[in-house]
Amino acid sequence: MMARALYLAQQGRGSVEPNPMVGCVIVRSGQIIGEGWHRAAGMPHAEINALQNLNDLADGATAYVTLEPCCSFQGKRTGSCAEALVKARIRRVVVPCEDPNPNVRGQGLEILRKAGVNVVVGVRDVQARQVNAAFFARMLHNRPYITLKWAQTSDGYVAGPGGKRLRITNAAATAAVHRLRGRCDAIIVGVKTANRDDPLLTARGVPLSRRPFRVILDSHLKTNLKLRLVREARDGESRGVIIYCLKSAWRQRAHVVRKLEDHGVKVVPVDADDGHVSLKRVIADLGSRGACHVMVEGGPTVAGAFIKSKLADRAWVFTSTEPVENPQGAPAAPLLNGWKVAGVRYYDRQVLEELLNPDSDVFYSESPSADLFL
């Protein structure tokens, strides 16, 4: 029953953030009589949806909920799910774990216990935490969840000679990338990738659950002013374009800053780390702007920097069936040694591996993410 609730919960991915994905299954005499999930931020929660139209049928039933039922607190847009379960005369509530939100933590369960509800905690705990790893990252560590993404040839290369761009992913795999983009709050590339590939960093041809920031890491403000990211910075398909640079570059190249800002680009100066922008400062700033999920699409250098900074949680690696024509091409660094394969998908013979970082502070189990599930 908890597995079914987790299945339901994941359908809220992309719509519920910054809230957690939650599913609920109501069971009576071994039969499911109601189920629901949180569909979007500000809308009724999973428990309310599951209880809808049950009336007296909920009396004496068991509720399986994928996170501690919420309680009322200041600023909350919906009612207390714990109190709704009590009012419905639910006899037993089964949850994996407490809600890490300090406004809720333990209080929802206490409401249930005081009302005489039998509360069971710990069922599929690690799987439930992994489903909501991004929510736990925000609540416990005050940062977004970070996914690295790249495509490589069958022999492990990400670019051609001299870094020349290669078309690696096929149409089906590319559509999967755009679906993931459409559920993220920020998409990051390094300045070398931006200047070489002139990407848009938008989600195209797919439902857009969220409007991401488009981000360039540019320590020394070398971004080409003719890039589409600059010229189309005010594109309504995103939340805007942000360039992070060093404070020294921001002062010394004020004329470039003005030109970028004239196009609508937000230029943010941050501290240095080994001569480059501090990734921890970048991620902290994106978190302060409401980002829950961040996708890093730079090459191995940028991906390696995120891993070195202990900021990478997950990787999506697409591998084609074709080798690169010239063995002088840039190889993908063996960055993911020790990472755990959570799941695999096939897109017209191309392979997507989802890998989780066991050293991440929000790694709980080798479970496929809601993104891979969807």
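Which ring does the charged end of R39 sit over? The charged end of R39 sits over the ring of W37, 3.9 Å from its centre. This is a predicted model, in which local features need pLDDT of at least 70, side-chain atom pairs count only at pLDDT 80 or more, and totals for chains, interfaces and linings use all residues. Residues are numbered from 1 along each chain as its sequence is written, and side-chain values use heavy atoms, with hydrogens and water left out.

**Charges over rings**
- A charge sits over a ring if NZ of Lys or CZ of Arg is within 6 Å of the ring centre and within 35 degrees of the ring normal.
- R129 has its charged end over the ring of Y364, 5.9 Å from the ring centre.

**Aromatic pairs**
- The structure holds 5 aromatic pairs (rings of Phe, Tyr and Trp, its six-membered ring, with centres within 6.5 Å; planes under 30 degrees apart are stacked, over 60 edge-to-face, the rest tilted).
- F135 and F136 form an edge-to-face pair, because their ring planes lie at 90°, with centres 6.4 Å apart.
- Both F135 and F136 are buried (under 20% relative accessible area; exposed is over 50%, partly exposed in between; 1.4 Å probe, protein chains only).
- Ring pairs join F135, F136 and Y364 in a cluster.

**The F318–Y347 pair**
- F318 and Y347 have ring centres 6.3 Å apart and planes at 45°, so the pair is tilted.
- F318 lies in strand β14 (residues 314-319) and Y347 in strand β15 (residues 340-347), so the pair ties together parts 29 residues apart in sequence.
- Strands are DSSP runs (E, at least two residues), numbered from the N terminus.
- F318 is buried, at 1% relative accessible area.
- Y347 is buried, at 16%.

Conventions:
Helix = DSSP H or I, 4+ residues; strand = E, 2+ residues; numbered from the N terminus.
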